[in-house]
Amino acid sequence: MRLARFNRFFTICISAAAIAAPSLAHADALAQFKTFVAGTQSAKGDFTQRLVKTDSGHANVSSVSSGTFVFARPGKFIWTYQKPYEQVLQADGEQLYIYDKDLNQVTTRKLGSALGSSPAAILFGSNDLEQNFTLKAGATKDGMEWLEATPKSKDTTFDRIGIGMRDGLPQAMELRDSFGQTSLLTFSNFQKNPTLNAGSFKFTVPKGADVLND
């Protein structure tokens, strides 16, 4: 259950106090996002992820996790959950590795083309996002200009993806699925195009770990 809960963002893919900021043109969110995608080949930072369920009209946070991320386009990333449980999701552009430290278990699967129409593609995929998503500007809220990305593929659990932009960087993502759940991601300490070692994304199976091929 823990594995399913905390890698849900990526497993399904491959697998905010509304105080408005000074109003900008709605097109600004789209312009910021396109500039970010075109000019960002790699990045790193911290994240907090909240899973929100709506029950009888009330939104309840069912789980909170946090950690760090680093990525290099296309399809290379390390998404590390540090709290409340340690887990690593890592991809080298071809293979995805999911490592659960407590279980000392690694699950592997082909990254393949599934990244293309997934929420993960917004951060880690190729620059041609409009091939897989319909993009349009959304509202201004929480001090951010919001962009709405709707997957063109029907083979996805997510109905809509919101991206909150501020100062040219994504500050938040809101992922709404067809089960009435919303995953809220907020980013901090976001660094664009840091220097990364050539072998940064090569995964090494921990000593003694069981390896499962999905």
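This tour goes through a predicted model, stop by stop, with something to select at each one.

**Confidence**

Colour the chain by pLDDT. The average for the protein is 80, and 79% of the residues score at least 70. Helix α1 (residues 2-6) has the lowest confidence, with a mean of 46, while strand β12 (residues 210-213) has the highest, at 93. Select residues 1-6 next. The pLDDT there is below 50, and the stretch has 15 contacts in the model beyond near neighbours in sequence. Now select residues 11-27. Here too the pLDDT is below 50, with 34 contacts in the model beyond near neighbours in sequence.

**The β10-β11 hairpin**

Select residues 169-177, which are strand β10, and residues 181-192, which are strand β11. These strands run antiparallel and are joined by 5 bridges. They form a hairpin with 3 residues between them. Click on G180 in the turn: its phi is positive, at about 80°.

Is Q171 buried or exposed? Its relative accessibility is 17%, so Q171 counts as buried, the cut-off being under 20%. Show what surrounds Q171. Leaving out residues up to four places away in sequence, Q171 touches M144, G164, R166, L185, T186 and F187.

**Salt bridges around E174**

Go back to E174 and show its side chain. The structure holds 6 salt bridges. One of them joins K141 to E174, with the closest N and O atoms 3.8 Å apart. K141 lies in strand β7 (residues 133-141) and E174 in strand β10, so this pair ties together parts that are 33 residues apart in sequence. K141 is partly exposed, at 28% relative accessibility. E174 is buried, at 10%.

Because R160 lies in strand β9 (residues 158-166) and E174 in strand β10, the pair ties together parts 14 residues apart in sequence. Both R160 and E174 are buried.

K141 lies over the face of W146, at 4.9 Å from the ring centre.

**The aromatic rings**

Show the aromatic side chains. The structure holds 9 aromatic pairs. Select F69 and W79. Their ring centres are 5.9 Å apart and their planes are at 25°, so the pair is stacked. F69 sits in strand β2 (residues 58-72) and W79 in strand β3 (residues 76-83), so the pair ties together parts 10 residues apart in sequence. Both partners are buried: F69 has 3% relative accessibility, and W79 has 0%.

The link spans distant parts of the chain, with F69 in strand β2 and F187 in strand β11, 118 residues apart. F187 is buried, with a relative accessible area of 7%.

Now show the whole group. One aromatic cluster is formed by F36, F47, F69, F71, W79, Y81, F187 and F190.

**Strands β5 and β6**

Select Y97, in strand β5 (residues 95-100), and T107, in strand β6 (residues 105-110). Their C-alpha atoms are 5.7 Å apart, and the two residues are 10 apart in sequence. Y97 is buried, at 16% relative accessibility. T107 is buried as well, at 12%.

Y97 is in contact with V88, L89, Q90, D92, V106, T107, T108 and F203. T107 is in contact with L96, Y97, I98, L212 and D214.

**Last stop: E86 and K101**

Select E86 and K101. Their side chains meet in a salt bridge, at 3.4 Å from N to O. E86 is in the loop between β3 and β4 (87-92), and K101 is in the loop between β5 and β6, so the pair ties together parts 15 residues apart in sequence. E86 is partly exposed, with a relative accessible area of 41%. K101 is also partly exposed, at 44% relative accessibility.

Definitions and conventions: Residues numbered from 1 in each chain as written. Heavy atoms only, no water. Pairing = 2+ DSSP bridges. Helix = DSSP H or I, 4+ residues; strand = E, 2+ residues; numbered from the N terminus. Buried < 20%, exposed > 50% of the residue type's maximum accessible area, 1.4 Å probe, protein only. Contact = heavy atoms within 4.5 Å. Phe/Tyr/Trp six-rings, centres within 6.5 Å; stacked < 30°, edge-to-face > 60°. Lys NZ or Arg CZ within 6 Å of the ring centre and 35° of its normal. pLDDT = per-residue confidence, 0-100. Salt bridge = Lys/Arg side-chain N within 4 Å of Asp/Glu carboxyl O.
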